Amino acid sequence: MAKKKETEPKGADKKTENIEGEKTDNVEIEVEKEVSEAENLASRLKDVNDKLLRTLAEYDNFRKRSQKEKEAAYSDSKALVLAELLPVMDNFERAAENKNASPEDYMKGIDMIYNQFSEVFKKLGVESFGEKGDSFDPNLHNAVMHVDDENEEENVIIDVFSKGYKLGDRILRPAMVKVAN
């Protein structure tokens, strides 16, 4: 019969000799390794935690900076538009001060101011819409009156009370119109 080899379980209290010749337990060595590994893991966790906190702080700073830039962009764009309108305002003030002008000269000045306004709008990309004879579009026009007129086609603008304006695809103001039914 073969003899069974007895093996001790891993981590058993097996005695070994250290460098000084003293006996130490394998368990103590394993505990030291585990303590060292735990310290290493704790150090890595601290590093990752520090990186996470720095990333959160950077994100918060980025968010605040983006908000300030957005507010500044709005303020800057508003200032640019108003700067374009200042010469028109100057001409209105000159026309208002000129009380002794003839009606023809006064009308000529008003026409010049209107043309100046139109040029500013064109420069800024603002387009007017809503002309007599156009087809009525509820997305662009606000029908404030409907008239039954047999001489006009159905859903055609027959009168414009105020023009509509758009900037690209964005409607700034719908046109106020009278529509034939």
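Select Phe-92, Phe-117, Phe-121 and Tyr-165: together they form one aromatic cluster. The model is predicted; local features need pLDDT of at least 70, side-chain atom pairs count only at pLDDT 80 or more, and totals for chains, interfaces and linings use all residues. Numbering runs from 1 along each chain as its sequence is written, and side-chain values use heavy atoms, with hydrogens and water left out.

**The aromatic pairs**

Rings of Phe, Tyr and Trp (its six-membered ring) pair if their centres lie within 6.5 Å; planes under 30 degrees apart count as stacked, over 60 as edge-to-face and the rest as tilted. By this rule there are three aromatic pairs. Zoom in on Phe-121 and Tyr-165, an edge-to-face pair with centres 5.6 Å apart and 90 degrees between the planes. Why does this pair tie together parts 44 residues apart in sequence? Because Phe-121 lies in helix α2 (residues 103-124) and Tyr-165 in strand β6 (residues 164-167). Helices (H or I, at least four residues) and strands (E, at least two) are DSSP runs, numbered from the N terminus.

Now colour by accessibility. Buried means under 20% relative accessible area, exposed over 50%, partly exposed in between (1.4 Å probe, protein chains only). Phe-121 is partly exposed at 28%. Tyr-165 is partly exposed too, at 22%.

**Along α2**

Select α2 next. Its 22 residues reach 31 Å from first C-alpha to last, close to the expected 32 Å. That expected span is 1.5 Å times one less than the number of residues. Step off the end of α2 to Gly-125, where phi is positive, near 85 degrees.

**Strand β8 and its partners**

Move to β8 (residues 175-180). Five of its six residues are buried, so the rest of the structure largely encloses this strand. Two strands pair if DSSP finds at least two bridges between them. Show β4 (residues 141-147): six bridges join it to β8, and the two run parallel. Pick His-146 there; its bridge partner in β8 is Val-179. Then show β5 (residues 156-162), joined to β8 by five bridges and running antiparallel. Val-160 stands opposite Val-177 of β8.

**A nonpolar patch**

Last stop: Val-27, Val-31 and Val-35. They form a nonpolar surface patch with about 200 Å² of accessible area together. Nonpolar side chains (Val, Leu, Ile, Met, Phe, Trp, Tyr) are joined within 5 Å, like charges within 9 Å. Areas come from the Shrake-Rupley method with a 1.4 Å probe; for residues, only the protein chains shown count as cover. Click Val-31: it lies in helix α1 (residues 26-97) and is partly exposed at 44%.

Methods:
Patches are made of residues with over 30% relative accessible area and no salt bridge: like charges are joined within 9 Å, nonpolar side chains (Val, Leu, Ile, Met, Phe, Trp, Tyr) within 5 Å. A salt bridge is a side-chain nitrogen of Lys or Arg within 4 Å of a carboxyl oxygen of Asp or Glu.
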